[in-house]
Amino acid sequence: MILSPFQTLVIVGTVVLGTMTTRFLPFIIFSGKKETHPYIDYLGKVLPYAAISMLVVYCLRNIDCTSFRSILPQFIGIVSVVMLHLWKNNVLLSIGIGTAIYMFLIQMIFV
């Protein structure tokens with residue numbers, strides 16, 4: 001299917017408008033002039049931990065517990081992420097180096 005330049009412009013404009021609306025609407029609704037609702041404060045404190053927990057469960061859902069060669073690299077990766085985060089308290093560093101360690105292990109050591 002070939003689109004005309006006008007159709008392409010309409011599609012790009014719609015995507016830009018939708019993206020900008022979802023990005024700017026919270027700042028417009030929750031401007032700094034009003035007191036933040038306690039429920040919003042609660043969600044701001046709880047949701048990051050819930051999201052990370054869901055990601056950990058999603059990543060570890062297919063572990064084959066019967067194979068030592070499957071569990072060991074994942075366990076080393078998890079321990080490295082936790083130890084780096086406790087040591088440096090930097091999320092990006094912990095996840096980046098932990099991922100690099102895990103990828104090295106599964107591609108070079110536990111082939």
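Buried means under 20% relative accessible area, exposed over 50%, and partly exposed in between (1.4 Å probe, protein chains only). This is a predicted model, in which local features need pLDDT of at least 70 and side-chain atom pairs count only at pLDDT 80 or more, while totals for chains, interfaces and linings use all residues. Residues are numbered from 1 along each chain as its sequence is written, and side-chain values use heavy atoms, with hydrogens and water left out.

**Exercise 1. Classify isoleucine 109 by its accessibility and find what it touches.**

Step 1: Isoleucine 109 belongs to helix H4; helices (H or I, at least four residues) are DSSP runs, numbered from the N terminus.

Step 2: apply the cut-offs. The relative accessible area of isoleucine 109 is 48%, so it counts as partly exposed.

Step 3: list its contacts (heavy atoms within 4.5 Å). Leaving out residues up to four places away in sequence, isoleucine 109 touches Arg69 and Phe104.

**Exercise 2. Work out which side of H4 holds its buried residues Ser94, Gly98 and Leu105.**

Step 1: check the helix. H4 has 19 residues and spans 26 Å from its first C-alpha to its last, close to the 27 Å expected at 1.5 Å a residue; the expected span is 1.5 Å times one less than the number of residues.

Step 2: take the buried residues. Ser94, Gly98 and Leu105 are buried in H4. They cover an arc of only 25° around the axis, which puts them on the same side of H4; the arc is that of the directions from the helix axis to the C-beta atoms.

Step 3: look at both sides. H3 is included in what covers the buried residues of H4, while the face turned away from that buried side carries the exposed Leu92 and Met108.

**Exercise 3. Describe asparagine 89, in the loop between H3 and H4.**

Step 1: read the backbone. Asparagine 89 has a positive phi of about 55°, although it is not a glycine.

Step 2: read the surface. With a relative accessible area of 60%, asparagine 89 is exposed.

**Exercise 4. Sort the lining of the largest pocket by residue class.**

Step 1: find the lining. It consists of 23 residues, of which Ile52, Val56, Ile78, Val81 and Ile95 lie nearest the centre of the pocket; lining residues have an atom within 4 Å of a point on a 1 Å grid over the protein atoms alone, and a pocket is an open set of points where a 1.4 Å probe fits, with protein on both sides within 12 Å along at least five of seven lines.

Step 2: sort it. The lining divides into 15 nonpolar, eight polar and no charged residues; Ala, Val, Leu, Ile, Met, Phe, Trp, Tyr, Cys and Pro count as nonpolar, Asp, Glu, Lys and Arg as charged, and the others, Gly among them, as polar.

Terms used:
Helix = DSSP H or I, 4+ residues; strand = E, 2+ residues; numbered from the N terminus.
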